[in-house]
Amino acid sequence: MRAITYTEFGGPDVLTYGHTDIPEPAPGEIRVKVVAVGVNPLDFKRRYGWVEQHYPTTFPAVPGLEFAGIVDALGEGASGPAVGEEVFGWTRTGAYAEYAIAGDIARKPAELSFAAAAALPVAGETAQRVLGELGLKEGETLLLHGAAGAVGQVAVQLAVALGATVIGTASPANHDFLRALGAVPVAYGDGLADRVRAAAPQGIDAVFDAAGQNVLPLSIELRGGTADRIVTIADMNAAAHGVPFSAVSTPPEEARAGLAAHARLAVEGRLTVPVVATFPLAGAARAQELSEAGHVRGKLIIEI
């Protein structure tokens, strides 16, 4: 099968487009034919070896966590979607490939395109998980760093649906977009603390860092000097600030339920993750370069 692999840590140049063996499903496993793959910042962070303590790598590695595709083969005793059904979710063997062994998956609604479905798993699970870890409640105020990215967008929408006020940091070019999602946008950079205080004179109850741009000290300041109720998914130096780095995945049953719930919201138009660009499998390195550069408003998708 065609696939992207890498055998050492490094920049985009370590990614190789070529052929490798099709994975065979073990008992209880499901193999899928991948149609669309979501590109995530975690992909390039794993490629560099920056998150080995949370996501250890076995070489040769196939990048990619999330996909949408079609069930292709079932291992002995496998249950769930049947061969030929359209599904989306997570892979165990890497998504940048024509075939993969599925992890937690759900049936893809016919109303969702493969690209739209592939945009949901990582952003949806991460946003839901961190909001839960923060214990965000109706009437509270959330400071969300990196609000215009895919995870940030979903977190904005879920937090607003909870009845929370969201102060979202982003470049001015993304402010109208964030207002449309229900957030109060503020520009990042020098003077951010003053802008946040002006936007939220009631104070900040919780902080979700989806940007990783050394904003944890400022976040602690805005929380009154405490690291309580601050969570990052992007700052590798979190422990030095006493802030938890959220990397623990949701239990399988909850993950599958979350996939189905977020798909329903997307079909109903209540959860949007725009696909901003698509690439062929051979263009995976370019997709990761754009992801690493930042400033992507939505999802980058690889179509296979």
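Two strands are said to pair if DSSP finds at least two bridges between them. The exercises below concern a predicted model.

**Exercise 1.** Determine which residue of strand 10 stands opposite His-145, and in what sense strands 7 and 10 pair.

*Solution.*
1. Strand 7 covers residues 141-145, and strand 10 covers residues 206-209.
2. Four bridges join these two strands, in the parallel sense.
3. The residue of strand 10 opposite His-145 is Asp-209.

**Exercise 2.** Place the strands in order within the open sheet, and state which helices pack on strand 7.

*Solution.*
1. The open sheet contains five strands with parallel pairing, in the order 9-8-7-10-11.
2. Strand 9 (184-187) and strand 11 (230-232) are the edge strands, each pairing on one side only.
3. From one strand to the next, the twist averages 20 degrees.
4. Helix 3 (residues 121-134) packs on the sheet and touches strand 7, strand 10 and strand 11. The direction of helix 3 makes about 150 degrees with that of strand 10.
5. Helix 4 (residues 150-162) also packs on the sheet, in contact with strand 7, strand 8 (165-170) and strand 10. The direction of helix 4 makes about 170 degrees with that of strand 7.

**Exercise 3.** Describe the lining of the second largest pocket, and identify the element that gives the most to this lining.

*Solution.*
1. The volume of this pocket is about 290 Å³.
2. Its lining comprises 15 residues, of which Ile-30, Ser-79, Gly-103, Ile-105 and Arg-256 are the closest to the centre.
3. Strand 6 (99-107) and helix 8 (252-267) each supply at least two lining residues.
4. Strand 6 gives the most, with six residues.
5. By class, the lining divides into six nonpolar, four polar and five charged residues.

How values were computed: Residues numbered from 1 in each chain as written. Predicted model: local features only at pLDDT ≥ 70, side-chain atom pairs only at ≥ 80, totals over all residues. Heavy atoms only, no water. Axes fitted to C-alpha atoms, helices over the stretch in contact; angles between N-to-C directions. Contact = heavy atoms within 4.5 Å. 1 Å grid on protein atoms, 1.4 Å probe; cavity = no way out; pocket = protein on both sides within 12 Å on 5 of 7 lines; lining within 4 Å. Points joined across faces, edges and corners; volume = space filled by probe spheres on them. Nonpolar A, V, L, I, M, F, W, Y, C, P; charged D, E, K, R; others polar.
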